[in-house]
Amino acid sequence: MQTRITMLVGPAMLATVTLAASLPALAHHSNSAYQVDEIITLTGTVKEWRWSNPHTWLYLTVKSEDGTEQDWAVEGRAPGVLRRAGWDSEILRAGETVTVHASPAKDGRPIGIIARVTKADGSILGNQPNFSTTAEIPADAPRVAAAGPDFSGVYYPFQPGGAAPPPRPVGPLPPPTRSAPTSDGSQGRGPNAPKLTPEYLEKWNAIAASRIGGSYETDNIANCLPPGMPSMMGMAYGMEILQTDDKITFFSEHQDALRRVYLDGREPSQTVLDDPTYAGYSTGHWEGDTLVVETVALSTKSYIDGSSPHGDQMTVHERIRFIEPGILEDRITVEDPEALTEPWESVRTYRKAAYPNDELREFACAEGLRDSPH
């Protein structure tokens, strides 16, 4: 049954519905697309609960008083916000009945923006995060680890021992080369690519076939998605490292990718493990002058090296250290018993930048999606 209730909304309610809509079949629009001074009540059956960025989506089928059915798409806040409000990726399941209070779209389409959801058992899901929850710190809680070397700074990729580029020749310029290495899979898998199991090699072949055909469906970068771990440590456009005693943050200019390595002895909670992300969850400790890092909870939507798929148990190990002043090395080992026949190893090296080359620019990938010709 669908009931329409009209009411004025005060500042508190407005705060709950300042969201942006993003559906594959819809234009990307802000909360200005919704009639935020009106609340409707929708009672229906869940078709799908999509736990995704930049906003979550609840798809449900609503039956009216005359027995006709209508499918609705109702937008929720981002996963990071809703998780702090008590939601998770499994909080709503297909087939269950829910009552949704939402603001409807101004153009009359069956689209809304969530103010509150009530489940069949009476539990209420609001969308206001709780930032003040605290827990008593146990006496045996881990203490912040002693700081190691200071990695802080901006870095760019560096090849130790690499030859300097030859001087520009005198006279006419040579014919131009391609703008980037071929990465659509048409050249096959390189000798240093991860060794995939037959199941995952078949998945890679499907990815390659899609890209060779010109499709962007499996290309995360073309779709403005993060490069993920460990790919993001390629840091093709440069990275900045921010360091404190209990945490190190890596920020890449490419796709504005971000990851944090916690050094205070914490471990990933079950909530974290059940909610994988592109960057994953990284914890580390110092072994002398080397930062030892383990990353888990990695989304299977990402790739190991830009195109090689992986399973949900993939773990990334790193050993990061200065090999000489200003030169940082990251030795990466990827383990995945489902996708790899053997651990995959890679070494990345970076040189610390000096003024004035120590400034990164925002990437803001989504800025160009609307006008992209693809």
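1. How many nonpolar, polar and charged residues are in the lining of the second largest pocket? In this predicted model, the lining has 21 nonpolar, 22 polar and 6 charged residues. The pocket itself holds about 1,400 Å³ of space. Its lining is made of 49 residues, and the closest to the centre are S183, R211, D305, G306 and S307. Two elements, α3 (198-212) and β16 (344-352), each give two or more residues to that lining. The largest share comes from α3, with 4 residues.

2. Next, have a look at the charges over rings. R211, listed among the residues closest to the pocket centre, has its charged end over the ring of Y303, 5.3 Å from the centre of that ring. K203 lies over the face of Y200, and here the distance to the ring centre is 4.1 Å.

3. On to the aromatic residues. A pair of aromatic rings is described by the distance of the centres and the angle of the planes. The structure holds 7 aromatic pairs. For Y237 and F363, the ring centres are 6.0 Å apart and the planes meet at 20°; that angle is under the 30 degrees used as the cut-off, so the pair is stacked. Y237 sits in the loop between α3 and β9 (239-243) and F363 in the segment after β16, so the pair links parts of the chain 126 residues apart. Elsewhere, W49, W51 and W87 form one aromatic cluster.

4. The disulfide deserves a point of its own. A disulfide is a covalent bond between the sulfur atoms of two cysteines. The count for this model comes to 1 disulfide, formed by C224 and C365 with their sulfur atoms 1.8 Å apart. Which hand does this disulfide have? The torsion about the S-S bond of C224 and C365 is about -80°, so the disulfide is left-handed. It links distant parts of the chain: C224 is in the loop between α3 and β9, C365 is in the segment after β16, and 141 residues separate them.

5. Some backbone angles are worth checking by eye. Most residues other than glycine have a negative phi, and most peptide bonds are trans. C224 has a positive phi of about 60°, though it is not a glycine. A297, in the loop between β13 (290-296) and β14 (315-324), also has a positive phi, near 55°. A297 is buried, with a relative accessible area of 10%. As for peptide bonds, the one from N53 to P54 is cis, with omega near 0°; P54 is in the loop between β2 (38-50) and β3 (57-63). Another cis bond joins Y355 and P356, with omega about 5°, and P356 is placed in the segment after β16.

6. Finally, two buried loop residues. Is I304 buried or exposed? I304 is buried, at 1% relative accessible area, and is found in the loop between β13 and β14. Its C-alpha atom is separated by 8.2 Å from that of V334, 30 residues apart along the chain. G185, in the loop between β8 (153-157) and α3, has a relative accessibility of 19%; buried means under 20%, so G185 counts as buried.

Conventions: Residues are numbered from 1 along each chain as its sequence is written. This is a predicted model: local features need pLDDT of at least 70, side-chain atom pairs count only at pLDDT 80 or more; totals for chains, interfaces and linings use all residues. Side-chain values use heavy atoms; hydrogens and water are left out. On a 1 Å grid over the protein atoms alone, a cavity is a set of points where a 1.4 Å probe fits but cannot get out, and a pocket is an open set with protein on both sides within 12 Å along at least five of seven lines; lining residues have an atom within 4 Å of a point. Grid points are joined across faces, edges and corners, and a volume is the space filled by probe spheres set on the points. Ala, Val, Leu, Ile, Met, Phe, Trp, Tyr, Cys and Pro count as nonpolar, Asp, Glu, Lys and Arg as charged, and the others, Gly among them, as polar. Rings of Phe, Tyr and Trp (its six-membered ring) pair if their centres lie within 6.5 Å; planes under 30 degrees apart count as stacked, over 60 as edge-to-face and the rest as tilted. A charge sits over a ring if NZ of Lys or CZ of Arg is within 6 Å of the ring centre and within 35 degrees of the ring normal. A disulfide is a pair of cysteine sulfur atoms within 2.5 Å. Buried means under 20% relative accessible area, exposed over 50%, partly exposed in between (1.4 Å probe, protein chains only).
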